[in-house]
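Reader: I am new to this structure and would like to go through it with you. Could you show it to me, please?

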Amino acid sequence: MKHGIVHTLQKFLLNPPIKFALAMGLPLPGYALLETTGRKSGKSRRTPVGDGRIDNQFWLVAEHGMKAGYVLNMERNLRVRLKLRDGLRSRWHTGTAHLLRDDDPRERQRWLASHLPRSAGNSRAVRLFGTQLLTVRIDLDS
């Protein structure tokens, strides 16, 4: 039940303005735009996520784990794109996703917060709204 409520709120209320701002190129601190390929449609699917870039890796904790549409898309096609903040602008980066089922997502969030203090708020929200946490690492091509 929690998943259904949170998913509906995110899909129709919370994510659309963030997604729109990121798509328009507004560099929102603490956010990135993840683009996956739809597992059924083959179309590009974009989802706002917390900005977890550390060097040439991007870390995120999916709050709904294997129930999240973007995670199911990554399971089918590991190649993704991320629109990341670069100063006052944003630019697209390509990479390969890795679903880390054996990683401890709560410990990963603590580790991320120690490296990226701006991620602490996102980590709290993911823990609050999350139903089945899953760590994802994306190795960026450049």
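**Helix α3 and the cores**

Author: In this predicted model, helix α3 spans residues 105–115, and its buried residues are Pro 105, Arg 108, Gln 109 and Leu 112.

Reader: On which side of α3 do they lie?

Author: They lie on the same side of α3, because they cover an arc of only 100° around the axis. An α-helix has 3.6 residues a turn, so residues three or four places apart point the same way.

Reader: What do the buried residues of α3 pack against?

Author: They pack against strands β3 (53–54), β4 (57–62) and β7 (134–140), and against helix α4 (120–129).

Reader: And what is found at the start of α3?

Author: There, the backbone nitrogen of Arg 106 has a side-chain oxygen of Asp 104 within 3.1 Å.

Reader: Let us change topic. How many residues has the largest nonpolar core?

Author: The largest nonpolar core has 19 residues, and Leu 34, Phe 58, Leu 60, Tyr 70, Val 71, Met 74 and Ile 138 have the most contacts inside it. Strand β7 gives the largest share of this core, four residues. Apart from it lies another core, of five residues, including Ile 54, Trp 59, Leu 112 and Leu 116.

Reader: Now for Lys 83: is it buried or exposed?

Author: Lys 83, in strand β5 (residues 79–86), is buried and has no salt bridge. The nearest side chain of opposite charge, Glu 35, is 9.1 Å away.

Reader: What is Lys 83 in contact with, then, leaving aside its neighbours within four places in sequence?

Author: Its contacts beyond those neighbours include Leu 22, Ala 32, Arg 91 and Trp 92.

Conventions
Residues are numbered from 1 along each chain as its sequence is written. This is a predicted model: local features need pLDDT of at least 70, side-chain atom pairs count only at pLDDT 80 or more; totals for chains, interfaces and linings use all residues. Side-chain values use heavy atoms; hydrogens and water are left out. Helices (H or I, at least four residues) and strands (E, at least two) are DSSP runs, numbered from the N terminus. Buried means under 20% relative accessible area, exposed over 50%, partly exposed in between (1.4 Å probe, protein chains only). Lys and Arg count as positive and Asp and Glu as negative; His and the chain ends are not counted. A salt bridge is a side-chain nitrogen of Lys or Arg within 4 Å of a carboxyl oxygen of Asp or Glu. Contact means heavy atoms within 4.5 Å. The arc is that of the directions from the helix axis to the C-beta atoms. A polar contact is a pair of N or O atoms within 3.5 Å; within protein, one must be able to donate a hydrogen and the other to accept it, and residues adjacent in sequence count only if both atoms are side-chain atoms. A nonpolar core is a set of buried Ala, Val, Leu, Ile, Met, Phe, Trp, Tyr and Cys residues joined through side-chain atoms within 4.5 Å.
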